[in-house]
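Subject: Structure handover

Hello,

Here is the structure for you to look over. My notes follow it.

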Amino acid sequence: MAESDQYYIQQCLNGHPDEFRGLVRRYQAGLSAYLAGKLGNKASAEEAAQETFVRAYFGLSELKKRESFCSWLFGIAGRVAKEQLRNQGRDGMADAVTEQAAAAKPAEDYQLEQAIGQLPDSYRELILLRFYGGQSCQKIAERLDIPVGTVTKQLSRAYAKLRQSLSEEKEVQK
Amino acid sequence: MNCTECIEKLAELLESLLSESQRQIVQEHLKDCRQCQAEWQKLKELSERLTSDSQTWQQTNLEDAVFNRIIVKQNEKLKQADRVNRHFRIWRRIMNSRVTKYAAAAVIIIAVLLSVSIFHQSVPTVSAAQQVLQDAIEAVSDVWSVHMKARMRTRPSDNFSNIGLNYDFVEIEMWKRTDENGVVQWRVEKPGRVLVMDGQNTTMLIRPNHGVLMEKPLPLGCFDSWSGRLLNVHDLLDNELKNAKNNPDRELFLRHENINGQDKIILEVDVAANVPEGDYLRNSFITNSDHLKVYQFDANTKLLEGLQVYVHTEDKDILIFEITDIEYNSEIENGIFALDLPENMNWYGQPQKLSDNEKYEKMTPKEAATAFFQACAEENWEEVLKFKTSSQIDERTKAYLGGLEIISIGEPFQSEGYARNGLGWFVPYEIRLRPVERNAQLSKANSADRFVITGWYDNKMQVQDEVKWSNEPEILPDNDTYVKMSPDEVVRAYYDALSRLDWDEMRKFMPTDDVEKMQHQCEEAAKYNIDIQKNLPTIEVIKTFWSAEHSSYFVTYREFRVKKFNLAIRKDNSANRFVVDGGL
């Protein structure tokens with residue numbers, strides 16, 4: 001897991017498609033959580049996450065800034081989620097079934113995931129890496145090539161933003 | 001420490017990134033400040049909430065699902081790529097044609113630009129091709145037996161690499177088995193030649209009775225067996241994969257095809273000839289030709305199911321080799337790996353040092369060829385044997401070469417296809433063979449009432465070739481001219497027509513089937529760089545007689561034959577002298 005995103009991308013483009021697994025492992029939890037926030041259920045989120053990875057795989061050669069893989073990936077995820085929501089509107093029945101299936105599983109914190117989805121790109125990336133990617137601040141600092149102090153400062157701001165949108169959500173619910 | 005400073009440090013406190021002294025300062029402040037204390041609590045709650053939510057997602061494993069989807073989508077893209085592939089094939093044809101090469105250049109450049117943009121949208125085909133090969137390699141990892149049937153445009157008794165663009169297809173059958181102790185056995189066979197490795201010895205039989213015995217297990221590919229190598233399916237594919245990785249420019253095309261309702265992956269590999277254009281052996285072996293290999297894999301099992309090889313020529317691609325059937329892991333009878341040999345075997349071996357070896361070591365290619373033909377002329381078979389790798393000179397060779405007359409020996413030349421470490425040479429020669437006395441059988445018992453040839457006999461009146469007229473000789477428009485001809489005039493007219501390669505005229509004396517067979521042989525020989533006109537016989541009639549026993553006329557005649565060809569000789573042996581390898 002120590003390899004950079006750029007490394008995996010280069011390997012894929014050099015004819016080692018299996019190296020894409022590294023990127024899937026790194027982002028699957030965060031991406032799924034992010035999509036769950038947008039789509040409101042686990043099954044749809046996983047479905048959308050798979051679609052996102054597939055699109056990313058076939059679009060790899062077009063990615064110019066390889067260091068921005070994460071935000072590019074979430075950009076794709078955003079479009080996939082939008083498409084899914086449009087399709088859900090058309091196909092309510094199928095979705096109701098999925099919802100039921102999802103309800104049987106332990107509930108995810110969709111509010112939190114939604115709030116993550118609303119974060120600016122750079123903050124969202126940090127939160128996802130730190131928690132859903134299970135990486136320490138030092139690791140993140142190394143990967144993004146910034147000082148650890150900057151990572152914690154930005155995390156502080158990301159927490160503040162998260163808390164803000166979570167409390168706004170509560171307000172609305174009241 | 002004030003509140004702003006404290007709050008800024010909370011994230012670091014959470015991550016345990018503060019030094020001991022800083023941690024104490026922050027915690028001191030937290031004890032005294034309710035507001036900051038509340039902030040710390042909220043932060044910890046959020047962190048726990050994030051950790052708890054992320055843990056539910058940590059169990060998510062999308063890897064396999066994602067890769068399954070990638071493969072499905074890749075397959076769809078491969079189908080699209082097929083369209084591009086067809087364009088490529090057309091370009092290749094255009095490029096291969098000298099006439100259109102330059103005129104088409106502008107069109108091709110535009111087409112290439114278009115195709116690049118199509119490919120750009122997908123993962124490069126090379127990596128997809130490599131994946132297909134990788135899968136196919138894994139699919140044969142537990143294969144312990146292979147039984148293959150194939151056909152190749154080759155000569156029935158020549159080696160398993162030789163090809164000719166105009167040759168007929170010859171059936172090839174091959175078996176390989178690895179037993180539970182890891183002992184490998186194999187057999188490669190075509191009508192005139194068999195190679196068998198029984199686990200200990202390797203034997204080559206060139207029918208009817210020539211052979212080589214090596215008292216060790218040789219690998220597939222020995223004795224020039226290009227087709228034999230295919231039995232090592234794993235190595236075959238592994239080499240292809242290595243080549244694909246090492247030569248990114250190598251042309252590889254992938255597509256899906258639905259064959260009998262089953263999904264098949266087709267991989268095409270274009271390979272350039274390993275000898276230059278104009279080389280003497282160009283297109284005499286697959287590796288000496290620009291060729292296209294078309295592999296077929298089953299999309300589900302990933303197993304190799306077929307291979308076709310096309311040789312590119314100026315105007316078309318010619319199918320030269322094809323695997324018609326492959327069976328994996330089928331039981332193979334033990335008898336397959338045992339070879340029944342005739343009693344009168346004539347064994348080839350490595351040339352041994354002679355008592356007067358030095359004399360032969362000094363010979364140039366031209367001198368060696370001359371000495372060889374001279375010995376044949378003198379029928380000094382002991383001397384001839386010094387230029388051969390066989391244990392004896394058989395009667396057929398003696399009858400053919402004995403008493404020959406050397407007309408000329410030309411300047412030796414080399415071919416990259418017959419390098420033999422720089423020690424392989426071709427020596428052009430022209431020899432007059434000793435005249436052969438033969439008898440032609442003729443009969444007039446047909447509705448056209450003219451003499452036609454009904455058989456060929458040797459000088460001892462033994463049948464050499466029976467001639468079967470399945471249809472009666474037809475009544476010709478100028479039948480009268482032929483009705484008037486005597487038996488010896490018919491034989492002369494026949495040979496005269498042959499010397500002009502006038503097949504229509506020959507059909508007046510011989511059945512159509514036989515003439516067509518001869519025409520075909522001549523065309524094949526021409527493809528083998530044999531100067532046909534030079535090699536056709538001339539005759540001298542001796543007498544005509546009636547045989548009551550055969551109820552036929554016979555014409556006894558002498559056949560004179562000149563042979564003009566290239567003798568292949570090589571010196572890459574421990575005795576360091578030239579031996580004749582072929583070209584007789």
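To start with a local point: in which loop of chain B is B:Asn260 found? B:Asn260 is in the loop between strand E7 (252–259) and strand E8 (262–271). Please keep in mind throughout that this is a predicted model.

Backbone points in chain B

B:Asn260 is not a glycine, yet its phi is positive, at about 50°. The residue counts as exposed, because 5 C-beta neighbours lie inside 10 Å and the limit for exposed is 12 or fewer.

B:Asn329 also is not a glycine and has a positive phi of about 50°. Its loop runs between strand E11 (317–328) and strand E12 (346–348) of chain B. With 13 other C-beta atoms within 10 Å, B:Asn329 is partly exposed.

There is a cis peptide bond between B:Arg207 and B:Pro208, with omega at about 10°. B:Pro208 sits in the loop that links strand E5 (202–206) and strand E6 (210–214) of chain B.

B:Gly403 belongs to the loop between helix H12 (395–401) and strand E13 (405–409) of chain B. It is 26 residues from B:Ala377 along the chain, but the two C-alpha atoms are separated by 4.2 Å. Leaving out residues up to four places away in sequence, B:Gly403 touches B:Ala377, B:Glu379 and B:Arg434. B:Gly403 counts as partly exposed, with 14 C-beta neighbours inside 10 Å.

Chain B overall and the cores

Chain B has 584 residues, of which 29% count as buried. Its secondary structure comes to 17 helices and 19 strands. Among the contacts in chain B with a separation of 6 or more, 59% are between residues 24 or more positions apart.

The largest nonpolar core has 77 residues, and B:Val132, B:Leu267, B:Ala369 and B:Ile569 touch the most other members. Domain 3 (133–337) and domain 4 (350–584) of chain B both contribute residues, so this core lies between them. Another core, apart from that one, has 58 residues, including A:Tyr57, A:Phe131, A:Cys137 and A:Ile140. To return to B:Val132, its contacts are B:Leu254, B:Ile265, B:Leu267 and B:Phe297, leaving aside neighbours within four places in sequence.

Chain A against chain B

How many residues does each chain give to the contact? Chain A gives 34 residues and chain B gives 33. On the chain A side, helix H2 (20–39), helix H3 (42–59), helix H6 (110–118), helix H7 (121–132) and helix H9 (148–173) each supply at least two residues. The residues of that side divide into 19 nonpolar, eight polar and seven charged.

H2 and H6 of chain A

H2(A) and H6(A) pack with their axes 7 Å apart and at an angle of about 100°. H2(A) is therefore roughly perpendicular to H6(A), since angles of 65 to 115 degrees count as such. From H2(A), the residues that meet H6(A) are A:Ala33, A:Tyr34, A:Ala36, A:Gly37 and A:Lys38. Their partners in H6(A) are A:Tyr110, A:Glu113, A:Gln114, A:Ile116 and A:Gly117. By class, this contact has five nonpolar, three polar and two charged residues.

Regards

Notes. Residues are numbered from 1 along each chain as its sequence is written. Chains are lettered from A and ligands numbered from 1 in the order in which they are written. This is a predicted model: local features need pLDDT of at least 70, side-chain atom pairs count only at pLDDT 80 or more; totals for chains, interfaces and linings use all residues. Helices (H or I, at least four residues) and strands (E, at least two) are DSSP runs, numbered from the N terminus. A residue is buried if 20 or more other C-beta atoms lie within 10 Å of its own, exposed if 12 or fewer, and partly exposed in between; C-beta atoms are placed from the backbone. Two residues are in contact if their C-beta atoms, placed from the backbone, lie within 7 Å. Ala, Val, Leu, Ile, Met, Phe, Trp, Tyr, Cys and Pro count as nonpolar, Asp, Glu, Lys and Arg as charged, and the others, Gly among them, as polar. A nonpolar core is a set of buried Ala, Val, Leu, Ile, Met, Phe, Trp, Tyr and Cys residues joined through C-beta atoms within 7 Å. Domain bounds come from an automatic or database domain assignment. Axes are lines fitted to C-alpha atoms, for helices over the stretch in contact, and angles run from 0 to 180 degrees between N-to-C directions. Angles under 35 degrees count as roughly parallel, over 145 as roughly antiparallel, 65 to 115 as roughly perpendicular and the rest as oblique.
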